[in-house]
Amino acid sequence: MKRLKMTIMSIAFFFMFTNITQANSEHTVSEGESLWSIGVDYGVSIQEIQELNGKPDSNVNIGERLQMPESVTNEELDLLARLIHSEAQGEPYAGKVAVGTVVLNRVADDRYPDTIRDVIYEVVNGYYAFSQC
């Protein structure tokens, strides 16, 4: 169970530095906030916020409205964790991380579906791409 939690934490960390998100909400900058603190609150990277808002640097102004990238939902994270457990339950830690990385790389790749759920449940030649969890 401890390793499963570590796998989930590693995947969550991976999401912070992977560009697989889309805009869905807006944030108004308050006093004392920085891109870093806003990113931590939303679970997204500074780079994603900068790219989405066309910001050349990390400076923010009080009252500035920023489009925020969508972060991974708890349901998607749970589904990914269940898939990793199902696909790599007898594998060492590196094998579990590899399964999660395959899913995330597919989400980021234009040749595959755009969500974790859709990647996991994708049907290829009449078969699911991954075993069902």
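**Figure 1. Helix α4 and its buried residues.** E76, L79, L80, A81, L83, I84 and A88 are the buried residues shown in α4. The helix runs over residues 74–88 of this predicted model. It has 15 residues. From its first C-alpha to its last it reaches 21 Å. That is close to the 21 Å expected at 1.5 Å a residue.

**Figure 2. The whole chain, for orientation.** The chain has 133 residues, and buried residues make up 30% of them. Its secondary structure comes to 6 helices and 4 strands. Along the sequence, these follow the pattern α-β-α-α-β-α-α-α-β-β. Now take the contacts with a separation of 6 or more: residues 24 or more positions apart account for 61% of these.

**Figure 3. Confidence along the model.** The average pLDDT of the chain is 83. A score of at least 70 is reached by 80% of the residues. Among the elements, helix α6 (residues 116–120) has the highest mean pLDDT, at 93. Helix α1 (residues 2–16) has the lowest, at 56. Look also at residues 16–23, where pLDDT stays under 50. For this stretch the model has 21 contacts beyond four places in sequence.

**Figure 4. Helix α2 crossing helix α3.** Two packed helices are described by the angle between their axes and the distance between the axes. Here the axes of α2 and α3 come within 8 Å. They cross at roughly 105 degrees. The two helices are therefore roughly perpendicular to each other, since angles of 65 to 115 degrees count as such. Which residues of α2 and α3 meet? From α2 come L35, W36, I38 and G39. From α3 come I46, I49 and Q50. The residues of this contact divide into 5 nonpolar, 2 polar and no charged.

Figure 5. G39 is found in α2, which spans residues 35–42. Is G39 buried or exposed? Its relative accessibility is 2%, so G39 counts as buried; the cut-off for buried is under 20%. Leave aside the neighbours within four places in sequence, and G39 is in contact with V44 and I49. P69 is 30 residues from G39 along the chain. The C-alpha atoms of G39 and P69 are separated by 9.3 Å.

Figure 6. Helix α3 covers residues 46–53. Its buried residues are E48, I49 and Q50. I49 and Q50 also take part in the contact with α2. Just after α3 comes G54, with a positive phi of about 65 degrees.

**Figure 7. L104 in helix α5.** L104 is found in α5 (residues 93–108). With a relative accessible area of 2%, L104 is buried. I116 lies 12 residues from L104 along the chain. Their C-alpha atoms are separated by 7.1 Å.

**Figure 8. N125 in the loop between two strands.** Where is N125? N125 is in the loop between β3 (123–124) and β4 (127–128). Its phi is near 55 degrees. That is a positive value in a residue other than glycine. N125 has a relative accessible area of 72%, so N125 is exposed.

Notes. Residues numbered from 1 in each chain as written. Predicted model: local features only at pLDDT ≥ 70, side-chain atom pairs only at ≥ 80, totals over all residues. Heavy atoms only, no water. Expected span 1.5 Å × (residues − 1). Buried < 20%, exposed > 50% of the residue type's maximum accessible area, 1.4 Å probe, protein only. Contact = heavy atoms within 4.5 Å. Axes fitted to C-alpha atoms, helices over the stretch in contact; angles between N-to-C directions. Parallel < 35°, antiparallel > 145°, perpendicular 65-115°, else oblique. Nonpolar A, V, L, I, M, F, W, Y, C, P; charged D, E, K, R; others polar. pLDDT = per-residue confidence, 0-100.
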